[in-house]
Amino acid sequence: STGAPSQIIPSPAPAAPPPPRFHVVVEADSLTRISARYYGSGSRWQAIFNANDDILKADGVLRPGQRWRIP
């Protein structure tokens, strides 16, 4: 120990959450394709589905013009 007083460094303020992102469905889109576009991998399709289960119709078809939240 040098005998110098220790310096307390304050923690940075928590980062604000990112603004919500949206994707407008186009012809030939799929949840896997949308996942790959936003996350670099098609494996996160379930997160997109869960964030938009109120939009998806009972038949499970994505329709052009639908506006999907990207979590």
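These are my notebook entries on a predicted model.

**Entry: the core**

I started with the largest nonpolar core. It has 10 residues in all: Val25, Leu31, Ile34, Tyr38, Ile48, Ile55, Leu56, Leu62, Trp68 and Ile70. Then I looked up which elements give two or more residues to this core, and found α1 (31-39) and β2 (67-70). α1 gives the most, with three residues.

**Entry: helix α1**

Which residues of α1 are buried? I noted down Leu31, Ile34, Ser35 and Tyr38. I then looked down the axis of α1: the buried residues fall within an arc of 100°, so they line one face of the helix. Next I checked what covers the buried residues of α1, and the list includes β1 (21-24), α2 and β2. Just after α1, I came across Gly40, which takes a positive phi of about 80°.

**Entry: Ile34**

Is Ile34 buried or exposed? Its relative accessibility is 1%, and buried means under 20%, so Ile34 counts as buried. Leaving out residues up to four places away in sequence, I found that Ile34 touches His23, Asp29, Ile48, Leu62 and Ile70. Of these, Ile48, Leu62 and Ile70 are also on my list for the core. I also looked up a distance: the C-alpha atoms of Ile34 and Asn50 are separated by 14 Å, and the two residues are 16 apart along the chain.

**Entry: Ile55**

Ile55 is another core residue, so I looked up what it touches because nonpolar side chains tend to be buried together in soluble globular proteins. Again leaving out residues up to four places away in sequence, I wrote down Gln66, Arg67, Trp68 and Arg69 for Ile55.

**Entry: the salt bridge**

How many salt bridges does the structure hold? I found one. The side chains of Asp54 and Arg69 meet in it, at 2.9 Å from N to O. The pair links distant parts of the chain: Asp54 sits in the loop between α2 (45-51) and β2, Arg69 sits in strand β2, and they are 15 residues apart. I checked how open each partner is. Asp54 is exposed, with a relative accessible area of 54%, whereas Arg69 is partly exposed, at 33%.

Notes
Residues are numbered from 1 along each chain as its sequence is written. This is a predicted model: local features need pLDDT of at least 70, side-chain atom pairs count only at pLDDT 80 or more; totals for chains, interfaces and linings use all residues. Side-chain values use heavy atoms; hydrogens and water are left out. A nonpolar core is a set of buried Ala, Val, Leu, Ile, Met, Phe, Trp, Tyr and Cys residues joined through side-chain atoms within 4.5 Å. Buried means under 20% relative accessible area, exposed over 50%, partly exposed in between (1.4 Å probe, protein chains only). Helices (H or I, at least four residues) and strands (E, at least two) are DSSP runs, numbered from the N terminus. Contact means heavy atoms within 4.5 Å. A salt bridge is a side-chain nitrogen of Lys or Arg within 4 Å of a carboxyl oxygen of Asp or Glu. The arc is that of the directions from the helix axis to the C-beta atoms.
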